Each structure stands twice: as C-alpha cells, then as structure tokens.
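Have the sequence and the 3D view at hand.

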Amino acid sequence: MTTNTSFTNLTWEDLDDWVGERIVGRGKSYQSHVKDLCMTSDGALVASVRGTKLYSTRVECDANNELHSQCSCPYGIGCKHAVAMILLYHCLTMVTYLVD
C-alpha cells in the first residue's frame, strides 16, 4: 500500500478535533470491520466498512492537513467508519515501517 504522510502524521488530537472523542472512540472498535483498504492515485483512502450494512467510505487529507470524508452510512461525513479506516491505515503503515 502506498503511504501518505498526511495520514501517518495525524494525532489523536487531530482526530478528536475533526469528529469528536465519542466518534473516535467508536471508530477504534471498528478497525476490524474495514475491508479492502487502499489508497487512490490522488492519495485518498477508500474501503468498505461493515456496520449495520456494508458502507463505502472515502477519506481525504488536503494540503492543509484537514480531513474530509464521504460514507454511505446515515452520518455521511465524519463517521466512525472513516475513523476506523484512518486508524487501520496508520497501523498498517507502522507495521510496514518496522518490517522494512
């Protein structure tokens, strides 16, 4: 998987500022629900995330390190599914750095 330093440099505070502590907490428990996580050619993360249904989720980190997301869940933006994707991506890139 290609890495995007904008995502890997995010802090817990950044995530809390984006969606709030409650949603971040919920997102932590959804990491194992993320399927087919990949990065697009423009640096966005995309995946399917299992919730009540299987949701299509996309997260972008812009040039100002601001997060933007779209999800097919009822929240639509800034949801636990988007947080779960970011957290899983972060975990996977950390493992890659340790292995490389």
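What follows looks at a helix pair, then at one helix by itself, then at the core.

This is a predicted model, in which local features need pLDDT of at least 70, side-chain atom pairs count only at pLDDT 80 or more, and totals for chains, interfaces and linings use all residues. Residues are numbered from 1 along each chain as its sequence is written, and side-chain values use heavy atoms, leaving out hydrogens and water.

Start with helix H2 (residues 12–19) and helix H3 (residues 21–28), whose axes come within 7 Å and cross at roughly 115 degrees. Helices here are DSSP runs of H or I with at least four residues, and strands are E runs of at least two, numbered from the N terminus. Axes are lines fitted to C-alpha atoms, for helices over the stretch in contact, with angles from 0 to 180 degrees between N-to-C directions. Trp12, Leu15, Asp16 and Val19 of H2 meet Glu21, Ile23, Val24 and Lys28 of H3; contact means heavy atoms within 4.5 Å.

Now turn to H3, where Ile23, Val24 and Gly27 are the buried residues (buried is under 20% relative accessible area, exposed over 50%, partly exposed in between, with a 1.4 Å probe and protein chains only). They lie on the same side of H3 because they cover an arc of only 100 degrees around the axis, taken from the directions from the helix axis to the C-beta atoms. The face turned away from this buried side carries the exposed Glu21 and Arg22.

Finally, Val34 is in contact with Ala47, Ser48, Val49, Ala84, Met85 and Leu88, leaving aside neighbours within four places in sequence. Val34 is also one of the residues touching the most other members of the largest nonpolar core, which has 28 residues. Such a core is a set of buried Ala, Val, Leu, Ile, Met, Phe, Trp, Tyr and Cys residues joined through side-chain atoms within 4.5 Å. Helix H4 (80–99) gives this core its largest share, eight residues.
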